[in-house]
Amino acid sequence: MVLRPMNTLKVEGRRVLLRLDLNVPLKDGRVLDDTRVREAAPTVRTLAERGAIVIACSHLGRAKGKPDPALSLAPVAPVLQKHVGRTVRFVPDVVGEAAQQAVSQAKPGDVLLLENLRFEAGEEKNDPAFCAKLAALADVYVNDAFGTAHRAHASTAGVSAHFPERAAGPLMAREIAALTKVRDNPDRPFVAVVGGAKISGKLETLTSLATRANTVVLVGGMANTFLLAQGVGVGTSLVEADLVGTANEILAAAAGRGVAMILPTDVVVATSPDAPGRTVEVGDVPAGEAILDIGPQTRQRIAQLLTKAKTVFWNGPAGVFEKPAFAAGTLAIAQALAASSAFTVVGGGESVAAVQQAGVAAKLSHVSTGGGASLEFLAGDALPGVAVLEEGVK
Ligand code: ADP
Ligand code: MG
């Protein structure tokens with residue numbers, strides 16, 4: 001996969017349509033967490049310093065193809081401005097006359113931020129007419145929004161056909177480099193740790209990892225379904241009983257390829273996440289209680305595996321880590337990753353939050369903010385937003 005890096009694109013004096021991921025949580029018109037804005041800022045600054053007219057765009061939330069004042073990108077513009085260190089002019093329009101006029105008045109080095117792309121029905125529909133209008137605003141195209149690369153929307157997919165010159169932004173390039181290494185060329189042993197709430201939604205990724213990794217460690221709610229598949233009583237735990245057959249198939253496929261699938265041997269149980277927990281052997285889960293974390297013996301076993309690994313991918317918390325009583329397993333995995341000399345990659349919303357909570361993000365090789373996109377990438381799927389950036393694609 002050959003993606004053109006942004007620094008080889010001639011941008012001086014040219015209008016650059018820059019797709020960013022500025023999908024930040026808002027409350028009462030305030031940005032609650034500016035991580036994504038902070039991460040996007042260097043890309044904007046680089047382009048502006050190189051004399052581009054930067055036309056930044058993003059979606060925010062689930063606007064349903066029409067304007068929704070609560071989902072305006074307006075409050076994001078001053079935050080972006082602060083992190084970029086240059087004026088960011090918010091344009092309360094996407095492709096209409098106001099947007100066209102703002103672009104025509106802009107000078108090299110200026111930065112514009114368009115209104116939420118999803119205020120336009122054509123965005124999520126990847127509508128050709130909308131793609132043409134969006135593309136008409138600019139001369140070249142840069143996509144730095146890996147988190148939406150698994151969606152074939154106008155700004156991530158359809159628009160690119162209008163640009164002979166397009167490139168992957170630095171955040172996108174970094175995500176793809178790290179995830180490609182994990183997926184296609186991992187140093188071995190490669191240990192994948194997969195947890196979180198459920199198997200459904202991660203089935204393809206799990207199946208893929210069960211063929212690519214040397215060891216797959218199953219934790220969190222999703223391990224419960226595998227335990228059930230092995231005939232272990234799981235009490236009132238979160239399980240997907242309808243996926244017991246699928247779980248067995250994954251276990252059988254892994255066994256056939258010599259991939260070790262590791263399940264918890266001890267767990268922390270409680271009557272509810274608000275009740276105190278206690279550790280039991282995995283065969284001893286009481287009928288009226290739920291598995292809410294992995295136990296100390298399992299934590300230690302995982303830490304040992306991670307010490308010996310050369311590549312580690314982790315997605316999904318090991319327990320209900322939002323509650324301190326059930327966070328030990330998740331924090332232990334985060335610490336073990338931080339201590340490991342392996343190439344370590346973490347992906348997923350809650351997993352990344354856990355890594356930040358543990359204060360170890362800087363000690364990992366790569367923290368993927370891609371969520372769904374990183375899981376689809378590891379499943380082996382071609383991401384539409386990446387495919388259109390590949391060299392030679394028309
Ligand atoms: P990610 O966003 O990292 O991909 P998921 O969204 O799949 O992770 O799952 C995160 C959620 O899984 C957390 O909110 C956590 O509380 C929940 N979870 C983990 N283990 C369990 C468990 N044993 N029972 C119920 N929920 C669990
Ligand atoms: Mg999640």
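Start with the largest pocket, which holds about 1,100 Å³ of space. The model is predicted, so local features need pLDDT of at least 70 and side-chain atom pairs count only at pLDDT 80 or more, while totals for chains, interfaces and linings use all residues. Residues are numbered from 1 along each chain as its sequence is written, and side-chain values use heavy atoms, without hydrogens and water.

Select D21, R36, T369, G370 and G371: of the 38 lining residues, these are the closest to the centre of the largest pocket. A pocket here is an open set of points on a 1 Å grid over the protein atoms alone, where a 1.4 Å probe fits, with protein on both sides within 12 Å along at least five of seven lines; lining residues have an atom within 4 Å of a point. Volume is the space filled by probe spheres set on the points, which are joined across faces, edges and corners.

Next, colour helix 1 (35-49), helix 6 (170-184), helix 12 (349-357), strand 17 (366-368) and helix 13 (372-378), the elements that give two or more residues to this lining. Helices (H or I, at least four residues) and strands (E, at least two) are DSSP runs, numbered from the N terminus. Helix 12 contributes the most, with 4 residues. The lining has 9 nonpolar, 17 polar and 12 charged residues. Nonpolar covers Ala, Val, Leu, Ile, Met, Phe, Trp, Tyr, Cys and Pro; charged covers Asp, Glu, Lys and Arg; the others, Gly among them, are polar.

Move to the second largest pocket, with a volume of about 580 Å³. Select G196, A197, K198, K202 and P317, which lie nearest its centre among 41 lining residues. Helix 12 and helix 13 each supply at least two residues here, as do helix 7 (203-212), helix 8 (220-229) and strand 14 (290-294). By class, this lining has 18 nonpolar, 15 polar and 8 charged residues.

Now show helix 5 (residues 128-136), where F130, C131, L134 and A135 are buried (under 20% relative accessible area; exposed is over 50%, partly exposed in between; 1.4 Å probe, protein chains only). Viewed down the axis of helix 5, the buried residues fall within an arc of 135 degrees (from the directions of the C-beta atoms from the axis), so they line one face. P128 and A136, on the other side, are exposed.

Finish at Q335 in helix 11 (residues 328-339). Q335 counts as partly exposed because its relative accessibility is 42%.

Key: Chains are lettered from A and ligands numbered from 1 in the order in which they are written.
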